Amino acid sequence: MITLSQYYGKTLISYIRSLVLAFIAFYFLLYPATRLIQDLQDPALKNGQIPQFTYRWHRNISDGFASWAMDRVESRKASKVAFLDISGTEWPMFSAVFYLWATEVLQNNWQKNQSNSELMPKKYAEESIKAAIKLIIDPDNASWVVEHWGKNYLHQENLFYRMLLIAGLTSYQNITADNQYEALLRDQVTNLSAEIAASPYGLVDDYPGQCYPVDMVLAIAVIKRADELLGSDHTLFVQRSLRAFQGGRLDVKTGLPSYSANSRTGMGYGDARGIGLSLMLIWAPELWPEVSQQWYEQYTKQFWNEGFIISGFYEFSKKIPVEALFFEIDAGPVVGGYGTAASGFGLAAARVNNKVEQAYPLATEALVASWPIPNGTLLIPKLLSNFTEAPYLGETALLFVMTREKVFNNSQNRNISLPYFVYLFLLFYVLSGMACLVTSIRIIIKLHRASEWRLR
């Protein structure tokens with residue numbers, strides 16, 4: 001026989017369980033389902049325009065981005081991160097650049113069509129824009145590349161960091177018209193382009209002994225993008241830079257650029273990979289239109305898979321057998337051959353190349369897998385980020401890929417339906433939410449019946 005206090009204690013615990021289950025049902029399951037059903041109807045997912053929901057994402061990210069970025073700068077925590085910790089060193093820089101890239105597009109788009117947002121992006125995000133550039137130029141945030149390259153890190157190879165520095169400075173000035181960092185931008189564009197031009201094969205190392213051609217494409221693209229701002233002209237440089245992706249720099253199995261290369265010998269090594277090719281094909285169309293279309297065609301043929309349930313890009317060519325499940329810091333989770341990063345950035349490449357037959361399924365899959373919750377967080381991208389060093393990497397990356405604009409107008413589009421993956425995810429949200437809600441209601445009914453019995 002239980003005492004009255006024990007009875008009320010158990011009753012209280014049951015009520016709390018019921019409330020927790022109801023909260024989970026509405027906050028984490030039924031709200032996301034409702035939100036996603038609305039967002040999936042956005043015509044921009046098919047017509048290549050900027051989806052309206054990206055403005056909501058941007059506002060939500062902006063709410064906390066400034067405090068995170070400024071805390072990182074003011075606390076000097078970046079100088080305490082191990083220089084071989086990739087997510088702790090590269091990801092904060094990438095987060096800030098992704099944020100500025102997306103902000104620049106949304107601001108330009110808002111000036112043409114103000115119906116997507118009541119407020120101007122550069123106005124409501126003013127503090128976050130300033131914080132992003134502060135992080136990008138922060139010497140402490142560069143501590144890891146100083147460990148690799150020494151004090152001359154701004155003028156000695158170090159391609160990855162300098163590419164992101166140029167990208168961030170260019171977007172910041174385009175958004176704000178603030179030219180206080182223009183001297184630094186001009187110095188980096190002039191010196192990095194000269195260094196690439198003077199290299200034997202058009203290759204420059206990211207880290208000592210490590211050269212990734214994908215970063216070469218991004219570096220060439222951001223140099224070209226800075227031209228309009230600086231009044232410079234790198235047309236011939238861009239044309240000549242194609243040499244970095246020819247001959248021995250190509251993967252013999254696929255005929256596509258190798259993931260890695262030796263900048264001293266000019267030879268590529270390792271297989272062509274989805275993460276590298278997807279990123280390349282976001283930027284290559286504005287550099288070498290004809291070649292990029294050939295690359296995209298080959299990439300689709302050898303890496304794209306339109307499955308019964310899910311469609312996406314493989315991390316390795318379909319000819320290469322891989323483990324069913326593995327994780328890599330750059331590629332992210334690779335499941336059944338599908339690369340998370342390859343498909344995520346592949347969405348951006350498909351949008352830029354105006355390939356709706358890939359862009360639409362990838363966009364809808366990414367959307368339902370983002371798991372939006374009422375406070376504006378995209379739960380799964382947040383969970384795939386580095387909580388302590390780069391908590392916004394996943395969300396800013398997804399915002400970046402969803403805001404890419406088409407370069408080509410010609411596309412062989414066909415009628416495309418939602419992948420089954422989308423329906424399965426929506427069913428998961430709805431059925432799991434209903435199960436939690438029904439369980440919560442049953443607990444309350446049981447407690448009510450028990451209280452009635454005790455009163456008799």
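Colleague: How far apart are the end C-alpha atoms of helix α4?

Modeller: In this predicted model, helix α4 covers residues 86-112, which is 27 residues. At 1.5 Å a residue, the helix should span 39 Å.

Colleague: How many residues of α4 are buried?

Modeller: Helix α4 is largely enclosed by the rest of the structure. Buried here means under 20% relative accessible area. Of the 27 residues of α4, the number that are buried is 23.

Colleague: The whole structure holds 34 aromatic pairs. Are the rings of Trp101 and Trp283 stacked, edge-to-face or tilted?

Modeller: The ring centres of Trp101 and Trp283 are 4.9 Å apart, and the planes meet at 45 degrees. Planes under 30 degrees apart count as stacked and those over 60 as edge-to-face. The pair is therefore tilted.

Colleague: How many residues apart in sequence are the parts that Trp101 and Trp283 tie together?

Modeller: Trp101 and Trp283 are both buried. Trp101 belongs to helix α4, whereas Trp283 belongs to helix α12 (residues 274-283). The pair therefore ties together parts whose separation in sequence, in residues, is 182.

Colleague: Is Val430 buried, partly exposed or exposed?

Modeller: Val430 lies in helix α18 (residues 420-455) and contributes to a nonpolar surface patch that includes Leu427 and Leu431. Its relative accessible area is 31%. Buried requires under 20% and exposed over 50%, so Val430 is partly exposed.

Note on methods. Residues are numbered from 1 along each chain as its sequence is written. This is a predicted model: local features need pLDDT of at least 70, side-chain atom pairs count only at pLDDT 80 or more; totals for chains, interfaces and linings use all residues. Side-chain values use heavy atoms; hydrogens and water are left out. Patches are made of residues with over 30% relative accessible area and no salt bridge: like charges are joined within 9 Å, nonpolar side chains (Val, Leu, Ile, Met, Phe, Trp, Tyr) within 5 Å. Accessible areas come from the Shrake-Rupley method with a 1.4 Å probe; for residues, only the protein chains shown count as cover. A salt bridge is a side-chain nitrogen of Lys or Arg within 4 Å of a carboxyl oxygen of Asp or Glu. Helices (H or I, at least four residues) and strands (E, at least two) are DSSP runs, numbered from the N terminus. Buried means under 20% relative accessible area, exposed over 50%, partly exposed in between (1.4 Å probe, protein chains only). The expected span of a helix is 1.5 Å times one less than its number of residues. Rings of Phe, Tyr and Trp (its six-membered ring) pair if their centres lie within 6.5 Å; planes under 30 degrees apart count as stacked, over 60 as edge-to-face and the rest as tilted.
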